[in-house]
Amino acid sequence: MNIRFFIACIVLIILAACNNNNNKSAAADSSKTALAQPVPGTPIKYDSSKRYIFLTWDDSPQPPGTNICKRIFHEAGVKATFFSVGMHYNIEPRRKRLLDSIRNSYPEFLLANHSFSHAFKDNYNFFYTHVDSAVNDFVRAEKEMGIQVKIIRLPGRNTWAGKTETKGPKTSENVAKKLAAMGYNIIGWDVEWEMVKGNSPKQGASELANKINDKFESGYTNEQNTMVILAHDRMFQKQPYMDSLKAFIAILKKDPRNVFETIDHYPLVQNK
Ligand SMILES: [Zn+2]
């Protein structure tokens with residue numbers, strides 16, 4: 001073998017080895033970064049001087065409502081939870097991208113489970129009397145949407161269930177108990193921002209904020225110092241209602257006791 005050719009080969013081998021080491025250290029760095037990412041469901045410590053507010057918005061992905069709410073929450077710097085529906089997700093690529101962006105936004109936003117079929121398209125009585133098919137509907141939603149937490153909101157039922165409690169309407173009790181036995185937490189709501197006339201919000205911003213303050217003061221919530229608020233993404237598509245949502249958050253933010261959290265930090269979920 002020509003000596004020059006031999007030396008060139010050796011140099012190439014050394015360069016390749018160095019490059020490989022660089023790749024390895026880059027991979028190690030990126031795995032460190034991955035480890036540093038917060039994991040949904042990691043418990044937080046509560047501060048008894050604070051009031052914890054959980055904005056839980058249902059039925060996503062429903063563009064443009066979901067995109068608008070996400071933007072408003074982001075601009076206001078508040079955390080929120082999107083309870084999503086499988087059959088709304090797998091319709092078209094932009095909806096998949098929207099849900100992927102929610103999943104990837106934790107700890108700002110949390111993606112949670114609101115069933116695959118929305119109780120067989122709002123057929124509530126049939127859905128809740130067929131326990132196994134209802135349970136399978138939630139499991140399918142979890143798998144297809146890549147939901148990382150075992151947190152469910154039942155469609156059409158204000159039910160709470162977990163290891164430590166089951167509360168809510170009798171009609172959904174068997175489904176809730178079976179899901180709880182499988183390790184799921186079912187989250188109801190303390191206050192609903194109701195819908196009227198084609199998905200417009202019924203209450204104004206200050207009316208709803210006053211109701212929330214009254215409930216906190218009276219202690220009439222599912223858990224002390226916590227408030228789960230239910231609304232739907234599609235309520236805030238028109239400008240006046242977007243403004244109402246912004247005003248509502250601004251009023252709540254003025255009180256230094258108020259902290260916005262995602263629902264994986266709700267006491268029922270943390271006490272599992
Ligand atoms: Zn719903």
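**Exercise 1. Is Phe120 buried, partly exposed or exposed?**

Solution. The model is a predicted one, and the assignment rests on computed accessibility.
- Step 1: buried requires under 20% relative accessible area, and exposed requires over 50%.
- Step 2: the relative accessibility of Phe120 is 29%, so Phe120 counts as partly exposed.
- Step 3: Phe120 is placed in helix 5.

**Exercise 2. Describe the backbone phi of Phe120 and Lys121, and classify Lys121 by accessibility**.

Solution. 
- Step 1: most residues other than glycine have a negative phi.
- Step 2: Phe120, a residue other than glycine, has a positive phi near 50°.
- Step 3: Lys121 is not a glycine either, and its phi is positive at about 55°.
- Step 4: Lys121 is also in helix 5.
- Step 5: with 63% relative accessibility, Lys121 counts as exposed.

**Exercise 3. Identify the donors of the zinc ion and locate them in the chain**.

Solution. 
- Step 1: the zinc ion is coordinated by OD of Asp59, NE2 of His114 and NE2 of His118, at 2.1 to 2.2 Å.
- Step 2: along the sequence, the spacing of these donor residues is D-x54-H-x3-H.
- Step 3: Asp59 belongs to strand 1 (residues 51-60), while His114 sits in the loop between strand 3 (109-113) and helix 5 (118-122). The two are 55 residues apart, and the pair links distant parts of the chain.
- Step 4: both Asp59 and His114 are buried.

**Exercise 4. Characterise the largest pocket by volume, lining and residue classes**.

Solution. 
- Step 1: the largest pocket holds about 210 Å³ of space.
- Step 2: its lining is made of 18 residues, and those nearest the centre are Asp59, His114, His118, Tyr124 and His232. Asp59, His114 and His118 are also the residues that coordinate the zinc ion.
- Step 3: at least two lining residues come from each of strand 1, helix 3 (86-89), helix 5 and strand 11 (226-232).
- Step 4: the most is given by helix 5, with 3 residues.
- Step 5: by class, the lining of the largest pocket has 6 nonpolar, 5 polar and 7 charged residues.

**Exercise 5. How many cavities of 30 Å³ or more are found in the whole structure, and which residues line the largest one?**

Solution. 
- Step 1: the search finds 1 cavity of 30 Å³ or more.
- Step 2: the space in the largest cavity is about 30 Å³.
- Step 3: the lining consists of Pro40, Arg103, Tyr106, Phe109, Leu110, Leu111, Ile147 and Gln148.
- Step 4: strand 3 gives the most to this lining, with 3 residues.
- Step 5: the lining of the largest cavity divides into 6 nonpolar residues, 1 polar and 1 charged.

**Exercise 6. Compare the span of helix 7 with the expected value, and list its buried residues**.

Solution. 
- Step 1: helix 7 (residues 131-145) has 15 residues, and 21 Å is expected at 1.5 Å a residue.
- Step 2: from first C-alpha to last, helix 7 reaches 22 Å, close to that expectation.
- Step 3: the buried residues in helix 7 are Ala134, Val135, Asp137, Phe138, Val139, Ala141, Glu142 and Met145.

**Exercise 7. Is Asn185 buried or exposed?**

Solution. 
- Step 1: Asn185 is part of strand 7 (residues 185-186).
- Step 2: the relative accessibility of Asn185 is 5%, so Asn185 counts as buried.
- Step 3: Asn185 and Ile152 are 33 residues apart along the chain, and 6.1 Å separates their C-alpha atoms.

Methods:
Residues are numbered from 1 along each chain as its sequence is written. This is a predicted model: local features need pLDDT of at least 70, side-chain atom pairs count only at pLDDT 80 or more; totals for chains, interfaces and linings use all residues. Side-chain values use heavy atoms; hydrogens and water are left out. Donors are N, O and S atoms within 2.8 Å of the metal (3.2 Å for Na, K and Ca); water is not among the atoms, so sites may look incomplete. Helices (H or I, at least four residues) and strands (E, at least two) are DSSP runs, numbered from the N terminus. Buried means under 20% relative accessible area, exposed over 50%, partly exposed in between (1.4 Å probe, protein chains only). On a 1 Å grid over the protein atoms alone, a cavity is a set of points where a 1.4 Å probe fits but cannot get out, and a pocket is an open set with protein on both sides within 12 Å along at least five of seven lines; lining residues have an atom within 4 Å of a point. Grid points are joined across faces, edges and corners, and a volume is the space filled by probe spheres set on the points. Ala, Val, Leu, Ile, Met, Phe, Trp, Tyr, Cys and Pro count as nonpolar, Asp, Glu, Lys and Arg as charged, and the others, Gly among them, as polar. The expected span of a helix is 1.5 Å times one less than its number of residues.
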